[in-house]
Amino acid sequence: FLEGDNGRLDRKDQEPNQKRTDEDSMENGVVAEDESKAPRPSPRHGPRSPLLGAMDVPRIVKSRSSKRMLLMQIALLPPSGARLKAKPTPPKSPPPKGRMPQPPMVQAQEAKTTSSRKDVAVEIQRILGAGSAEERLQIPGDAKEEAILQAWKKLVLLLHPDKLQWLDENTKIKGAEALHEVHAAKEELRRRTQEACAQVPEQPRKAAAARCLDATPGTRKYEISWTLPDVQDPKAPVEKYEVWGPRHCSELGDTFDWVLLATLPPLQSQFIIVEEAPTQQDVMWAADRVLRATLSLTVHAVNGKGQSDALCLELPWASAFPWLRGVGSMICSQCFRLNQRESRHGWTACAGCGSGLAAELAVVIRCTECGGEVLWQNHALSCTCCRRSYGQNMPSRRSRGQDAYHRYGRGW
């Protein structure tokens, strides 16, 4: 071609074709250079890795998608000189018909659990078959208190109810019995040790006055308290406190048949007597039956050597409850009518016949259910203990000519 306008036009005509070729290459992602310009492998070295070969070949990345395609191709290339050997696949064994084999650790754990269950069952039989406290705790007879506590804790941990959950019901029942025997053996050995070496504790001291917490019939509550020692005496330790009360009181105020109301830990310094408890109710009603002014209770500090001197507490009783301040009864010798007593030393007019009743005609009425005294209060006759009602005042049967006192007397 000649240099000139025609040549320039020819080159211009070729430029659009060249652009289209470049665009087609860009769609494919890469434009490769002349293969003759690629470096040849050196004869002194082995074949190069395809990854290095791919990196040696100059490439022109035209878009982000092209970069991603190139990186994915490079990552999927196999390593150079690597001879991949296919591992033979072992044949699949048929599933076992019975139980699947457990791992060695699981088998060891199961064996240990089975062995521990057998040990617990054997230990329960040994404790129940032991004849003395020393045999139950497996300690000598002259063991000290520290050895007793250590042996006791070991057996208590072994016989804890949580450790017996996987045993059968019969073994669980025997385990509870064995645990009770272990506690009793510890108390027996501690009592023997203190009986031989310790001294009787000192008498408790009163802390504050007794106070009534609830005066409702049937739910009465009274609180008593005492002081704790500042320092525990090792020669005369306090193991527990005991509260005692009388179940019977005479008309003269004497107390009989003292019973244990509660056993308290050595760090507790108060006690509340409640009417809902059966034994404590008996003590309360004993004071109600005879309208006793006070209720007597005693507190003892106790250890293996014995009880301390009693701390005597007198609870205000008859004045604290209104129904105990009722009025007694008198019976008429003429009409045999039961009347409310007006005074202890004066005369009382019968509401039925109007005759005078001397103080010698006073009677004491007892409840048929609880034995408590039946008194008049607010023109009603009721028991001071169980609060059972027996009757109310009735109008007099005298003629209309009598005055209002005789027509509406205070008799029954």
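**A walk from pocket to core**

Let's start at the second largest pocket, where the lining residues split into ten nonpolar, four polar and three charged. That lining has 17 residues in total, and Pro-201, Glu-202, Gln-203, Pro-229 and Val-238 sit nearest the centre of the pocket. Its volume comes to about 270 Å³.

Keep in mind that this is a predicted model. The mean pLDDT of the protein is 75, with 68% of its residues at 70 or more. Two stretches call for some care. Over residues 1-16, pLDDT stays under 50, and the model gives that stretch three contacts beyond four places in sequence. Residues 397-412 also stay under 50, but here the model has 39 contacts beyond four places in sequence.

Now for the inside. The largest nonpolar core is built from 35 residues, and Ile-224, Trp-226 and Phe-271 have the most contacts within it. Take Ile-224: setting aside its neighbours within four places in sequence, its contacts are Ala-210, Val-243, Ser-269, Gln-270, Phe-271, Leu-297, Val-299, Leu-313 and Leu-315. There is also a second, separate core of 20 residues, with Ala-133, Leu-137, Val-156 and Leu-159 among them.

Last stop: Arg-190, which you'll find in helix α7, spanning residues 169-197. Is this arginine, Arg-190, buried or exposed? Arg-190 counts as buried because its relative accessible area is 16%, and the cut-off for buried is under 20%. Leaving out residues up to four places away in sequence, Arg-190 touches Glu-145, Ile-148, Leu-149 and Glu-239.

Technical notes: Residues numbered from 1 in each chain as written. Predicted model: local features only at pLDDT ≥ 70, side-chain atom pairs only at ≥ 80, totals over all residues. Heavy atoms only, no water. Core = buried A, V, L, I, M, F, W, Y, C linked by side-chain atoms within 4.5 Å. Buried < 20%, exposed > 50% of the residue type's maximum accessible area, 1.4 Å probe, protein only. Contact = heavy atoms within 4.5 Å. Helix = DSSP H or I, 4+ residues; strand = E, 2+ residues; numbered from the N terminus. 1 Å grid on protein atoms, 1.4 Å probe; cavity = no way out; pocket = protein on both sides within 12 Å on 5 of 7 lines; lining within 4 Å. Points joined across faces, edges and corners; volume = space filled by probe spheres on them. Nonpolar A, V, L, I, M, F, W, Y, C, P; charged D, E, K, R; others polar. pLDDT = per-residue confidence, 0-100.
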